[in-house]
Amino acid sequence: MLYARLWLAGLALMLANAATAQDALPLSPTSMTEAGSPSATDPCRLRLAPAPLIQYRGALSRGYDGDSNRVHTELGTLTVEHSGEACAYIVRIEPDAGPGKATLHSGGNSLDVRIEQAGRETSSGDNVVEMHGSLPRGQPQRRVKFQVSLPPGQRVPAGQYVGRLAVSLFESRDGGQELVTRQTVDVVTQVAPSVVASFGSDAQGGTKSMTVDFGALMKGQEKSLDFSVAANTPYSIDLLSENAGELRHEFTPNGIAYELRMDGQLVHPAAGTETTILQGSTSSQHRLDFMIRTDTALALAGKYSDRLTLVIGAD
């Protein structure tokens, strides 16, 4: 009897990590207090120091990772500048287009954003945060904080995503509000290229090696094997065959040829070199089909095998 085992080596994933991490730009509070002591009749004057850029760095400082279920928040700090008499203020943060959904964009793709009060990981449905405070006479400034988060599980193509929030400063007096100034805060994150693969129907399954056992070899025998890829960037699948597409006898150079197809397309593995068998850019499932081509009636008895390595990497 002739036996053959065809080992498929683990999927070697070569991932490009294009994520970058940057600190939020430093604030530059500038006091509004003028030289000399203000008179007792100086009115209250308020303004916002230039708003900072918020760089969403992610839990591992690699940008946003849609495959991670970790919740990460980035802090934004605003400076309310003051001179003159004591007064009360309101700082309002909301999406640039008004209350409702907040998003970051990269071309036609988008990431949802939550705007929250600092220290609270719950967002109102309209993504509006209001902070009330007051500044006594002689206090030149006060800092107010808020935070933004990107909900986990959003799968989007790799790239840089940018969004804009609106920040409004109101003076609160006599039960009413008077708009003092309005600024915008940019929120930026990087989505790194990601390629994950596994044998089976689930790319996140973590099965990196499989054995295809033909049992007793006969011409025309067929076997199949499925594997899946989850990707947010263009990628290539390369194949390396230890014995150039042949089942090799365990003790001699004798071989038995087999046919290999990838998603129905015939593949011709070359000896000692990788052969590109597919290029893609989205998550997908694939099938490898094997068929014994050689008449085994007069073949040398023993075990025959080949080892295939699939190299799946971001381009």
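**Exercise 1. Which side chains meet in a salt bridge of 2.7 Å, N to O, with Arg47 as one partner?**

Before we start, note that this is a predicted model, where local features need pLDDT of at least 70 and side-chain atom pairs count only at pLDDT 80 or more, while totals for chains, interfaces and linings use all residues. Residues are numbered from 1 along each chain as its sequence is written, and side-chain values use heavy atoms, with hydrogens and water left out.

*Solution.* 
- Step 1: apply the criterion, a side-chain nitrogen of Lys or Arg within 4 Å of a carboxyl oxygen of Asp or Glu. The partner of Arg47 is Glu81, at 2.7 Å.
- Step 2: Strands here are DSSP runs (E, at least two residues), numbered from the N terminus.
- Step 3: check accessibility. Buried means under 20% relative accessible area, exposed over 50%, and partly exposed in between (1.4 Å probe, protein chains only). Glu81 is buried because its value is 0%, whereas Arg47, at 34%, is partly exposed.

**Exercise 2. Describe the surroundings of Asp289.**

*Solution.* 
- Step 1: find the residue in strand S20 (residues 284–292).
- Step 2: classify Asp289. Its relative accessible area is 25%, so Asp289 is partly exposed.
- Step 3: list contacts (heavy atoms within 4.5 Å). Beyond neighbours within four places in sequence, Asp289 is in contact with Lys223, Ser224, Glu259, Leu260 and Arg261.
- Step 4: look for a polar contact, meaning a pair of N or O atoms within 3.5 Å; within protein, one must be able to donate a hydrogen and the other to accept it, and residues adjacent in sequence count only if both atoms are side-chain atoms. The side chains of Asp289 and Ser224 make one at 2.5 Å.

**Exercise 3. Which residues of the largest nonpolar core touch the most other members?**

*Solution.* 
- Step 1: recall that such a core is a set of buried Ala, Val, Leu, Ile, Met, Phe, Trp, Tyr and Cys residues joined through side-chain atoms within 4.5 Å.
- Step 2: go through its 32 residues; Val91, Ile93 and Phe146 come out on top.
- Step 3: follow Ile93. Setting aside residues up to four places away in sequence, Ile93 touches residues including Leu78, Met131, Phe146 and Val167.
- Step 4: look elsewhere. Apart from this core lies another, of 28 residues, among them Val212, Phe214, Ile277 and Leu308.

Note on methods. Helix = DSSP H or I, 4+ residues; strand = E, 2+ residues; numbered from the N terminus.
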